[in-house]
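Colleague: Could you take me through one part of this model closely, pairing by pairing? Please give the cut-offs as you go.

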Amino acid sequence: MKKEIILLITLQLSIYSLFGQNITGKWYEIKSKNSSLEVSIDQNSNNYSGTFSWKWGNWINKINAPIDQVLIKNDSLLFEITHANATYNFKLKKDDKTANYEGFVYNKTRQLSALSFSRNPIERDMKMKAEAEKIYTKQDTLRGAITPERAWWDLTHYTLDFELDIENKHIKGSNTITYTVIEPKNIMQIDLQPPLKITKVQQSGTPLTFRQEGNAYFIQLNENQVIGSSKEIEVFYEGNPKEAPRPPWDGGFTWKQDANGKPLVYTSCQGEGASLWWPNKDHMYDEPDNGMTIRITVPKDLMAVANGRLTATEKNKNGKTTYEWTVVNPINNYGVSLNVADYVHFSDTYKGKNGALECDYYVLPENLEKAKVQFKQAHLMLEAFEHWFGPYPFYEDGYKLVEGVGMEHQSSIGYWGYQNGSPRDGSDSSGSGWGLKFDYLIIHESGHEWFANNITYKDMADMWVHEGFTTYSEALYVEYHYGKKAGEEYIKGISQRIRNDTPIIGDYDVNDTDYTNDLYIKSATFLNTLRQVIDDDEKWRGILTGLNTEFYHKTVTTSEVENYISQQSGLDLTAFFNQYLRTTEIPTLEYYFKDNVVSYRWINTVHGFDMPLKVKLDNQEQWIYPTTNWTEEYTKDTKKELTIDPNFYVASFKNMDN
């Protein structure tokens with residue numbers, strides 16, 4: 001559907017025509033395929049003025065917005081556009097052969113795309129392309145739905161016991177699954193992905209029959225399944241697990257070597273599911289209430305690290321070693337991890353809100369000294385997040401950083417990089433400078449201990465609950481340690497990466513791994529907007545800590561999160577959440593001045609959108625209360641300017657026809 005909105009974007013213009021270039025008249029940007037920028041420049045004596053229109057596929061600016069300044073220097077044309085909290089700099093140079101102006105548009109110092117301004121327009125199809133309907137397979141449904149073969153039993157404990165043959169990249173073992181009967185049925189779905197295979201299943205020592213349908217195994221139980229009774233089945237499996245082509249984005253096993261040529265092995269399986277490497281009830285809605293025991297047998301000169309606490313180490317007669325790790329809290333499937341290497345270990349204790357928290361660190365020998373310095377940020381993280389979100393959710397299981405892959409493995413955060421900023425290149429994704437003040441993996445992945453591991457989505461469609469709150473936690477970390485303005489600058493910086501390509505919430509009851517990056521950035525940005533709407537930082541902090549209390553060790557839906565925030569804020573946020581979670585449209589404030597009256601309204605919004613807005617009017621800050629109908633307000637402002645607080649993720653335009 002094509003949405004039409006009119007944008008006012010300030011262009012600052014100061015003409016220095018050294019060579020008498022004739023720049024008056026219309027100019028058309030001709031390189032961009034999905035947007036159309038038209039500029040018209042007029043000259044009155046030695047003063048230049050003009051207008052422009054900017055059209056996009058998902059919004060259209062029809063009004064001739066005023067150009068205030070353009071800079072011509074030698075044969076270059078320079079101007080700046082500010083829109084929706086982002087500043088774009090156009091740097092163009094005249095091409096004498098074509099008489100066009102060629103160049104690039106920049107966001108701060110980051111080059112975005114090449115541009116060409118011509119006297120002659122080109123034709124473009126500016127219609128919004130209908131989003132292609134996703135096609136799902138039966139396997140997507142079997143993985144992503146609470147099937148009848150899953151719904152009748154409640155998971156209470158896993159005991160995963162396996163041996164790793166690193167030389168042959170092979171795994172062999174069993175998983176004892178303890179459950180409580182909810183309904184008296186006798187077919188159970190357990191998931192395991194090829195090339196691994198389930199070789200045997202038994203209950204009370206009796207072999208059971210099963211059939212395979214892709215990644216799902218349907219097991220026929222012989223015993224009576226009495227409601228309320230506790231039962232166990234033991235599932236045996238083996239094979240060569242899938243290798244991860246691009247961990248952690250494409251999951252599986254990673255087989256590497258450290259600097260000394262010794263093995264480094266780790267797993268990652270978010271999205272694809274834990275059944276990539278061990279048999280389980282591979283759906284997020286049901287976690288083992290009483291935790292998990294993980295027993296891993298590896299060659300004697302290596303150490304195996306998993307979730308929870310190390311409760312036993314057994315030297316076997318065959319020269320191998322078995323490490324037993326115990327998790328006492330509920331744990332989500334993809335949060336279960338395996339790390340094997342010639343690790344060195346050091347530890348310290350954090351004095352937190354719930355007492356002494358043991359912090360353990362497992363790193364490769366060549367990185368020990370770097371780790372001792374870099375991992376000091378773990379305490380800074382815990383201090384900040386316990387302030388914002390409440391006590392660390394897994395005191396009983398401890399906190400670990402384990403070298404391998406960056407992932408939010410519960411109580412066993414995966415790590416690599418040893419530098420602030422991005423682990424790959426040390427860059428700051430926000431462009432604000434504040435992202436260089438912290439180690440992204442330590443802060444972001446540890447933030448998931450509250451949002452992902454403590455509060456876990458029931459359905460992958462609600463993945464924003466994990467990634468949105470955790471991305472927002474980066475800004476809260478900055479704010480806690482460097483001040484509120486710093487946190488605001490960080491969130492404003494990352495907001496410039498919002499795409500608005502698809503709605504944040506995906507499709508339910510299927511395993512849809514093709515999700516938008518906006519569930520990270522846009523979700524964090526609209527949470528910051530929500531904070532402004534609530535306009536009470538202590539209440540906002542109470543909501544964040546309250547979420548982690550209300551949904552402590554639980555799985556949730558988006559609706560439950562929405563309802564909780566609405567109740568605690570005392571606001572009806574239905575339209576707010578619908579706008580930001582379920583559409584790709586940016587709420588846009590249309591306004592105009594007439595005499596001493598300013599009129600304004602919301603457009604490009606869902607029905608009933610009435611978000612209050614902090615603006616600067618009459619040269620002072622104040623709140624306005626737009627709806628989708630026109631509201632008039634008396635103003636003394638002689639400049640006739642309205643500026644929106646940049647902490648709101650909205651657009652605006654000044655209607656020049658009124």
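Modeller: Gln 212 stands opposite Tyr 217 in β16. This is a predicted model, in which local features need pLDDT of at least 70 and side-chain atom pairs count only at pLDDT 80 or more, while totals for chains, interfaces and linings use all residues. Residues are numbered from 1 along each chain as its sequence is written, and side-chain values use heavy atoms, with hydrogens and water left out. Strand β16 covers residues 216–220 and is joined to β15 by 4 bridges, the two running antiparallel. Strands here are DSSP runs of E, at least two residues long, and helices are runs of H or I of at least four, both numbered from the N terminus; two strands pair if DSSP finds at least two bridges between them. The open sheet has 3 strands in the order β12-β16-β15, with antiparallel pairing. Its edge strands, each pairing on one side only, are β12 (187–191) and β15 (210–213). Neighbouring strands of the sheet are turned by 25° against each other on average, with direction ignored. Axes are lines fitted to C-alpha atoms, for helices over the stretch in contact, and angles run from 0 to 180 degrees between N-to-C directions.

For a helix pair, take α8 (residues 518–534) and α11 (residues 574–582), whose axes come within 10 Å and cross at roughly 160°. That makes α8 roughly antiparallel to α11, a term for angles over 145 degrees. The contact (heavy atoms within 4.5 Å) is made by residues including Phe 526 and Leu 530 of α8 and Phe 577 and Tyr 580 of α11.

Technical notes. Parallel < 35°, antiparallel > 145°, perpendicular 65-115°, else oblique.
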